[in-house]
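Subject: Structure handover

Hi,

Here is the structure we talked about. Please open it first, then read my notes below.

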Amino acid sequence: MGDAVMTDQEFLDHVADRLAGLPAVRAVTLGGSRAQGTHTADSDWDFALYYRGAFDPAELRAVGWDGEVSGLGEWGGGVFNGGAWLVVDGRRVDVHYRDLDVVEHELAEAGQGRFHWEPLMFHLAGIPSYLVVAELAVNQVLRGRLPRPAYPEPLRAAAPPVWRGRAELTLRYAKGAYVPRGRATEVAGALATAAMQTAHAVLAARGEWTTNEKRLLEQAGLRGIDTVVAGLRPEAEHLARAVAEAEALFEERLSRARRT
């Protein structure tokens, strides 16, 4: 007979123990949909390992799980510091590296209403540096101890105009460079990016954390942008109307968030 398949709790304990046992690792968390109770049976398992000092990804690779283990900094080199895509006990597992010195710095910065923007693969709007603070607030701590911050009021005041400004510039460029030429694909990209940027502004205005873009539009009430994008045609007049519709939608949602 083959090995029995682990239950979810046995699997969780198995992975958490192995990650927590790696040199320099101080804490392990469960994130993503499984930490928030929105997962399905085939959802990935998202873990983060928090390390202090010199963490060597080779130690994770030596555990022997199938998959790809990145070096430090290979996923952009910023707050999102690399990780691994693995298969453990037949289940898809993502592991993210989190440098505790960086996380604590960004926690202090967010408390003062300060953050910076970083590009990240697969994220249309990029990410705010306070993403790692959001993870502390919403992820489930499996091993070790980590702070669980509330949403800082200074960040709630400072972040919305930054994100809204980025959205306005995105659409301004589209209106100047793409709309007059009937470039529907480029306008679609600009609308999608501006929608994500505005969604960040909406959630910040509400003091609500988000850790990625997967449900960002739903959280912000901006799913209506789908109708605008789906109806695009490569005609300047039509594209101009579509951008105006998007701008009205964005402003309505942001105005509502400011009143909460």
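The buried residues of helix α5 are Leu-131, Val-132, Val-133, Ala-134, Glu-135, Leu-136 and Ala-137. That is seven of the eight residues of α5, which spans residues 131-138, so the helix is largely enclosed by the rest of the structure. What covers these buried residues? The cover includes strands β2 (45-51), β5 and β7 (127-128), along with helix α4 (100-111). Keep in mind that this is a predicted model.

Arg-91 lies in β5, which runs over residues 91-99. Is Arg-91 buried or exposed? Its relative accessibility is 13%, and buried means under 20%, so Arg-91 counts as buried. Leaving aside residues up to four places away in sequence, Arg-91 touches Val-5, Met-6, Thr-7, Asp-8, Phe-11, Trp-45 and Leu-86.

Now the helix packing. Two packed helices are described by the angle between their axes and the distance between the axes.

Take α7 (residues 184-206) and α10 (residues 236-258). They pack at an angle of about 5°, and their axes are 9 Å apart. Angles under 35 degrees count as roughly parallel, and α7 and α10 are therefore roughly parallel to each other. By class, their contact has 14 nonpolar, one polar and three charged residues. On the α7 side, the residues include Leu-191, Thr-198 and Arg-206. On the α10 side, they include Leu-239, Phe-250 and Arg-258.

Helix α6 (residues 153-177) also packs with α10. Here the angle is about 170° and the axes are 11 Å apart. Angles over 145 degrees count as roughly antiparallel, which makes α6 roughly antiparallel to α10. Arg-164, Leu-171 and Lys-175 in α6 meet Val-243, Glu-247, Phe-250, Glu-251 and Leu-254 in α10. This contact divides into four nonpolar, no polar and four charged residues.

Last, the empty space. Rolling a probe the size of a water molecule over the atoms shows where empty space is left.

Start with the largest pocket. Its volume is about 930 Å³. Which of its 33 lining residues are the closest to its centre? They are Asp-46, His-96, Thr-211, Asn-212 and Lys-214. The lining has 10 nonpolar, 14 polar and nine charged residues. β1 (25-31), α2 (32-36), β2, β5 and α5 each supply at least two residues of this lining.

Then the cavities. How many of 30 Å³ or more turn up in a search of the whole structure? The search finds two.

- The largest cavity has a volume of about 50 Å³. Its lining is Tyr-130, Ala-134, Tyr-151, His-200, Leu-203, Ala-204, Glu-208, Trp-209 and Thr-210. Helix α7 gives the most to this lining, with three residues. By class, there are six nonpolar, two polar and one charged.
- The second largest cavity has a volume of about 40 Å³. Lining it are His-123, Gly-126, Ile-127, Pro-128, Leu-131, His-200, Thr-210, Thr-211, Asn-212 and Glu-213. These divide into three nonpolar, six polar and one charged.

Best wishes

Methods
Residues are numbered from 1 along each chain as its sequence is written. This is a predicted model: local features need pLDDT of at least 70, side-chain atom pairs count only at pLDDT 80 or more; totals for chains, interfaces and linings use all residues. Side-chain values use heavy atoms; hydrogens and water are left out. Axes are lines fitted to C-alpha atoms, for helices over the stretch in contact, and angles run from 0 to 180 degrees between N-to-C directions. Helices (H or I, at least four residues) and strands (E, at least two) are DSSP runs, numbered from the N terminus. Angles under 35 degrees count as roughly parallel, over 145 as roughly antiparallel, 65 to 115 as roughly perpendicular and the rest as oblique. Contact means heavy atoms within 4.5 Å. Ala, Val, Leu, Ile, Met, Phe, Trp, Tyr, Cys and Pro count as nonpolar, Asp, Glu, Lys and Arg as charged, and the others, Gly among them, as polar. Buried means under 20% relative accessible area, exposed over 50%, partly exposed in between (1.4 Å probe, protein chains only). On a 1 Å grid over the protein atoms alone, a cavity is a set of points where a 1.4 Å probe fits but cannot get out, and a pocket is an open set with protein on both sides within 12 Å along at least five of seven lines; lining residues have an atom within 4 Å of a point. Grid points are joined across faces, edges and corners, and a volume is the space filled by probe spheres set on the points.
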